[in-house]
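Dear colleague,

I am passing on the structure below, followed by notes on what was found in it. Please read the notes alongside the coordinates.

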Amino acid sequence: MAARTHYSKTYLWQLEAGERVVKPEHVAAYATALGVAVEALYGSPLEPLWTLWDARDDLPGEAERDRVTALLDHPRSVDQAAFGTLADVLTVVRRLEDDAGAEHVIPMVDAQVRVVEQSADEARASVRSVAVGLLSELEQYRSWLAIPGKQWRLAGAHLDRAAVLALAVDDPLRLSTALSFSAYRAIRRRKFSTADALSDAARRDTRVHLGLRTYETFQRAEILAQRHEDAEAVRLLSDTDGMIERLPPADELPPSGYWYTAPFFLGQRAFVLGALGDHAAAGQAARDCLAEMPSSWTSSEWASRRRKLAELT
């Protein structure tokens, strides 16, 4: 296959092992090497979405479903509503992940990435920025789904692409989110110098939502505590009290940040306290967090760090 596609054996292994992002040109190269149509390898890019659509009653209706089909069939004629429909689908998928786990929703997110990627290239200039912004959010979310399996390189590749796409359309919320999630990836790998630089970059643009700003402040406090800059970490932790008081009601939060709530941030406080060495307070904050969050959140994969802290005495 390496000889037929002109990619190295190592590169192909990384693609097949999930260590690199699979792009349309890779699929096209495989299809050519195997003498089949691209569709024979991909199947219908929309199939995972139709499966989801048929199983849920909280997704848009048939007219909106037709708009999504048009993204592939007639990309130059679609309007912003089609990408808005996919954004609504992404909101449902995020909630589904809380209940079912990352592995269950990955095919659905990959399908959305392929659809938006293919249609964004041909979309009219007036809607291309909307498509590219949505693609940035999908790439960022796809990186998040790679983290439970500790696919660090794959997560990094998706995050890098998410940041570049957000920069291309001057989208401060999505750029800041991509940078803060890159910092989270570095924290999980205990690379605190890298996390420090990324979190600092994430906080530079003040045009972002207060919920994201609050998350990034907690994150920076945790990083500084891990780097033994305790005084600044404590100052930032104090700043978060006022920020949490100003958070909007849950129904006014952005779909990409529906978890920017006071119970969620109790868990962030627990991480900072743990990094500061106050393990008893960290354990109590984590238990309070799990007690106040919705049950679907407490059993989710992303809450595992909170559950571990909650076990501290």
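Helices (H or I, at least four residues) and strands (E, at least two) are taken as DSSP runs and numbered from the N terminus. The model is a predicted one, in which local features need pLDDT of at least 70 and side-chain atom pairs count only at pLDDT 80 or more, while totals for chains, interfaces and linings use all residues. Residues are numbered from 1 along each chain as its sequence is written, and side-chain values use heavy atoms, with hydrogens and water left out.

Buried positions

Alanine 282 belongs to helix 16, which covers residues 279–292, and with a relative accessible area of 0% it is buried; here buried means under 20% relative accessible area, exposed over 50% and partly exposed in between, with a 1.4 Å probe and protein chains only. Not counting residues up to four places away in sequence, alanine 282 touches Ala270, Leu273, Gly274 and Leu309, where contact means heavy atoms within 4.5 Å. The C-alpha atom of alanine 282 is separated by 9.4 Å from that of leucine 266, 16 residues apart along the chain.

Serine 199, in helix 12, is likewise buried, at 1% relative accessibility. Leaving aside neighbours within four places in sequence, serine 199 is in contact with Ala183, Gln219, Arg220 and Ile223.

Salt bridges

A salt bridge is taken as a side-chain nitrogen of Lys or Arg within 4 Å of a carboxyl oxygen of Asp or Glu, and a search of the whole structure finds 19 of them. Glutamate 64 and arginine 67 form one, with their closest N and O atoms 3.9 Å apart; both residues lie in helix 6 (residues 62–73), three residues apart, about one turn of the helix. Glutamate 64 counts as partly exposed at 25% relative accessibility, as does arginine 67 with a relative accessible area of 33%.

Glutamate 137 forms a salt bridge with arginine 174, the closest N and O atoms being 2.8 Å apart. This pair links distant parts of the chain, since glutamate 137 is in helix 9 (residues 125–146) and arginine 174 in helix 11, 37 residues apart. Glutamate 137 is buried, with a relative accessible area of 12%, whereas arginine 174 is partly exposed at 22%.

Arginine 161 and glutamate 139 are also bridged, with 2.5 Å between the closest N and O atoms, and they too link distant parts of the chain, arginine 161 in helix 10 and glutamate 139 in helix 9, 22 residues apart. Arginine 161 is partly exposed at 23% relative accessibility, while glutamate 139 is buried at 0%. Salt bridges that share partners also join Arg94, Glu137, Asp171 and Arg174 into one network.

Loop residues

Aspartate 170 lies in the loop between helix 10 (152–168) and helix 11 (172–188), and is exposed, with a relative accessible area of 54%.

Arginine 190, also a residue other than glycine, has a positive phi near 60°. Arginine 190 sits in the loop between helix 11 and helix 12 (192–202) and is exposed, with a relative accessible area of 57%. Lysine 191 lies in the loop between helix 11 and helix 12 and counts as partly exposed at 41% relative accessibility.

With kind regards
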